[in-house]
Amino acid sequence: MRRELSQLNQLDPNLIHARILYVYDEEKNYLDQLVDAVTISLDAQYKFVLFDTRAHYKTMLAAIEGKIDADKLKQFEFIESDDLIQEMNDRKILNLYYHLIDELFTEQTEFRLWISCATEDSERVNNLAKLTLKEDFSRLMMSYGWSVYAFPGKSITALHQNRLKKIFNFFMNDNDFVRSNLYRIPEQKPYFIIDKSNQRIEKKLNLTRRNLESLINNYVDPIKILDEEDKVILVNDAYTRLLHWPKDELLGLPYSKLPCIPEERRFEIRRDRSFTLIGQSVQAYQTQRLRKRDARLVDVTLTSFPLMNMYRRINGRAVILRDTTEKNNAIAAFLKTEQLSTAGDLAEGIARELLQPITSIKGFAQLLEREDQTNSGYFAVINSEIDRVVRILRELLSFSEPKFSTQKAENLISLLNEVILFLEPQARIANVRIVFDAPTEIFFVDCDRSQMKQAFINYIKNAIEAMPKGGILTIVCKQLPGRQLSVTFTDQGVGVPKEFLSKIGNLFFTTKENGTGLGFSVSKRIVETFHGTVKLFSKENVGTTIQLIFPSSGTIKG
């Protein structure tokens with residue numbers, strides 16, 4: 001045995017990847033062969049892995065004691081087989097081999113493997129033989145430097161011996177070592193072949209790896225790759241552009257520690273990991289991620305799927321995000337438009353039905369007031385409340401029927417001056433000073449003059465009412481790049497709580513005690529009718545800024 005195995009190492013390099021079927025009769029002969037194989041392999045500085053019983057392991061150690069120095073013994077690894085052979089769990093045995101090969105392949109070293117089915121139980125022996133004959137296992141064996149699979153001759157059947165000879169290219173017993181006359185070269189290629197002399201393959205693999213990394217890094221959607229321990233090993237540029245987290249702050253972190261996952265979405269961590277472990281993917285799941293620059297939540301869809309190594313074992317996963325902010329905003333805008341359209345139709349119907357009886361009630365109230373002067377105080381309250389109802393109904397009608405038939409280029413500065421002049425007395429009563437630093441240019445916007453004036457009145461009245469203790473309302477009008485005009489109204493009022501900001505503009509939503517929730521909605525709809533946009537910025541107890549942006553229809557320098 002010593003001579004034959006020594007010669008095998010000197011043969012054609014392709015034969016180094018040999019699979020040897022060993023059927024032994026005597027346990028003593030088996031142990032002699034094992035000791036020789038271990039001694040020769042460690043002397044040649046090969047890693048040696050033994051899958052055997054603890055009794056055989058102790059006997060082998062005693063035999064090589066003093067013959068192998070301590071440094072070489074570090075290349076020896078023992079895996080106890082007693083429990084697995086007794087249990088005969090196919091999946092456990094295969095998983096053990098997969099894990100073993102992964103480690104050895106990572107080390108990029110050639111190694112020797114010795115697997116023994118050391119039991120007198122013929123049923124278990126033949127069950128292990130059947131497992132060895134399975135396609136997964138037979139393909140797996142092609143990956144080893146060389147490997148010996150030992151079966152007790154008294155327990156294995158001749159049928160299984162002959163079947164095993166078809167997948168082992170060498171056969172040996174206690175006395176002979178020969179090529180297997182029944183060996184068939186498998187059609188499939190081995191999972192990997194360690195060939196130190198083949199630098200061309202290594203160059204091709206490196207090129208493929210670089211191409212794959214380049215593809216991932218230049219992909220338009222954010223991607224991160226996690227390893228078997230669920231740690232981040234790769235993040236592409238799109239990920240950094242979307243969430244503004246530098247790569248060096250993410251690489252090496254466990255998925256559970258990633259700072260871009262908001263607290264309220266951390267339940268996804270265990271769920272996604274569970275899907276990966278059972279080999280399933282997560283497809284286009286709607287979620288959110290935290291952007292570092294402004295601590296805002298970004299709407300994304302998440303797709304995650306497991307990555308397989310060459311042995312079809314899960315050794316990581318890929319996570320792909322897709323920014324859905326624009327899509328979600330478009331959907332929200334569409335739904336809001338539909339909501340406003342429906343609300344407008346409803347408001348028009350209600351307002352028209354109520355205006356007539358309210359007008360009649362007001363007329364009769366005035367008649368009664370003339371006849372009964374003793375309750376004039378009550379009638380004053382009645383008339384005031386009726387006027388308030390009529391005002392709300394007219395706002396509803398103006399919301400449902402925006403008119404823009406008289407649209408033409410209007411002087412924006414002139415419009416603002418007229419509105420400021422109109423509201424100046426109300427502002428003085430509220431101890432509010434309106435500051436409008438009129439630009440030297442004259443800006444023109446295509447709009448309906450009366451409707452635009454109504455929108456400006458609503459925004460300025462809102463600002464005045466937001467400053468119950470007085471303050472300054474600053475109005476700024478300026479030109480923006482791209483033929484656009486901006487008008488901003490900035491107050492020093494109570495501001496809008498952060499949790500309400502997204503609701504401002506919704507029909508009937510208001511933060512005022514006596515508000516209707518119609519003024520802002522009507523004004524916003526007017527601005528949007530003339531192709532403008534409304535932006536709201538507010539900080540509680542600091543103030544609010546409303547910015548209107550219009551397409552310019554012309555500018556005249558003063």
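**Tour: a helix pair, then a sheet**

Select α15 and α16: α15 passes α16 in a right-handed crossing (right-handed if the near helix is turned clockwise from the far one by less than a right angle, left-handed if anticlockwise). This is a predicted model, in which local features need pLDDT of at least 70, side-chain atom pairs count only at pLDDT 80 or more, and totals for chains, interfaces and linings use all residues. Residues are numbered from 1 along each chain as its sequence is written, and side-chain values use heavy atoms, leaving out hydrogens and water.

Helices (H or I, at least four residues) and strands (E, at least two) are DSSP runs, numbered from the N terminus. Helix α15 covers residues 412-429 and helix α16 residues 449-465; they pack at about 40°, with axes 10 Å apart. Axes are lines fitted to C-alpha atoms, for helices over the stretch in contact, and angles run from 0 to 180 degrees between N-to-C directions.

Next, show side chains at the contact (heavy atoms within 4.5 Å). On α15, the residues include L415, V419 and F422; on α16, they include M452, F456 and I460.

Now select the open sheet, whose seven strands run in the order β3-β2-β4-β5-β1-β6-β7 with mixed pairing (strands pair if DSSP finds at least two bridges between them). β3 (76-80) and β7 (177-179) stand at the edges with a single partner strand each, so one side of each lacks a neighbour in the sheet.

Move to β1 (residues 18-24) and β5 (residues 146-152), which pair in the parallel sense over seven bridges. Pick L21: its bridge partner in β5 is Y149.
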